[in-house]
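This briefing concerns the fold of a single protein. Please consult the sequence and the structure while reading the points below.

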Amino acid sequence: MIYNQKGFKVEKGLITLSHKYNKVPLAFEIPENYVFGKVYQVSIFYDGDNYYLSVVHEVPEESYLDNGLYQAIDLGITKTVTAINTHGMFHEVNNPRPDKYWNPKIDAIQSKRDHCKKGSRHWKQLHKAMNKRIKKRKNQIKDIQHKQTRKMVNNTRANTIIVGDLDVKEMPKSKKATSGLNRSTQNNGYISRFIRFLTYKAALAGKKVIEIDERNTSKRCYVCGKEHDMPLWKRTMECDCGNVIDRDRNSAINIMLRYLSQNARWQGYQQFVDNLRKTGLSVPKLEVHSQEAPSAREG
Ligand SMILES: [Zn+2]
């Protein structure tokens, strides 16, 4: 059912419809992570289990201004999302991964279902049970991503947020070829949605998400540039140059350095390196960038 201008009211965190059900007005709470501009239309859907409200609204975007503060994010496909800002401070967000909880349960039901005659009563029961859990998994992940991306945008003063480009994300290799492949495609989906959420939430706050090529950012020691074999189980990078650092932190620093150097933000680059030094971290030994810096500033 569709409601236009006169059919609904948006106020006090509620969408109230002009329709009443058994004399009770129909009011829907607006989840706290939604920001609506002008609302044009509200429709109600029913998918057999749940009722959904679909809202067509204006997106009140703020205009973006590079404020000289940056945040680089490594989207860990395992445990955490690691961010570093221009001040050299790390910020880590745990990734609870409800899929890890649901995947084996879903697999078990699917396997049971596949042993039944397709379309039989038992098959249908199991099929329904499986879909219910798939839906739960999906909703929980989506919910977490909404919360995480909102926090990431709100908790940084940086107006520019840099993330690695998904296309070149090094995916984990699994022994179980098929399910491994499916699961990493699924991971890909989660990450691309995370970036999508982050991008539109940032735009609402006048910030910008920039995707850069993150090739080798997890393999390369940010201090000396040497590349290491870094299978996913290896959580720490230990380099001969003396750099010992958490793998995700190393990636985040590389993403920041790459963005600042490729975009000739030499002042930002230099500030970032100085701040790394102040926080007690090693600084990149490659002098290429700082040598180019003066001429870039003069020009
Ligand atoms: Zn090194």
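The model is predicted. It comprises six helices and 13 strands, and buried residues account for 22% of the 299 residues in the protein.

**Overall organisation**
- Of the contacts between residues at least 6 apart in sequence, 59% join residues at least 24 apart.

**The largest nonpolar core**
- The largest nonpolar core contains 33 residues.
- Ala72, Ile73, Ile161, Ile162, Leu198, Ala252 and Met256 have the most contacts inside this core.
- At least two residues of the core come from each of the strands E7 (70-75), E8 (80-85) and E10 (160-164), and likewise from each of the helices H2 (121-154), H3 (177-204), H4 and H5 (266-278).
- Helix H4 gives the most to this core, supplying seven residues.

**Helix H4**
- Helix H4 covers residues 247-262.
- H4 is mostly covered, with 15 of its 16 residues buried.
- After H4 comes alanine 264, which has a positive phi near 55°.

**Surroundings of methionine 256**
- Leaving aside residues up to four places away in sequence, methionine 256 touches Tyr70, Ala72, Ile84, Ile162 and Phe272.
- Among these partners, Ala72 and Ile162 are also listed with Met256 as residues having the most contacts inside the core.

Note on methods:
Residues numbered from 1 in each chain as written. Predicted model: local features only at pLDDT ≥ 70, side-chain atom pairs only at ≥ 80, totals over all residues. Helix = DSSP H or I, 4+ residues; strand = E, 2+ residues; numbered from the N terminus. Expected span 1.5 Å × (residues − 1). Buried ≥ 20, exposed ≤ 12 C-beta atoms within 10 Å, placed from the backbone. Contact = placed C-beta atoms within 7 Å. Core = buried A, V, L, I, M, F, W, Y, C linked by C-beta atoms within 7 Å.
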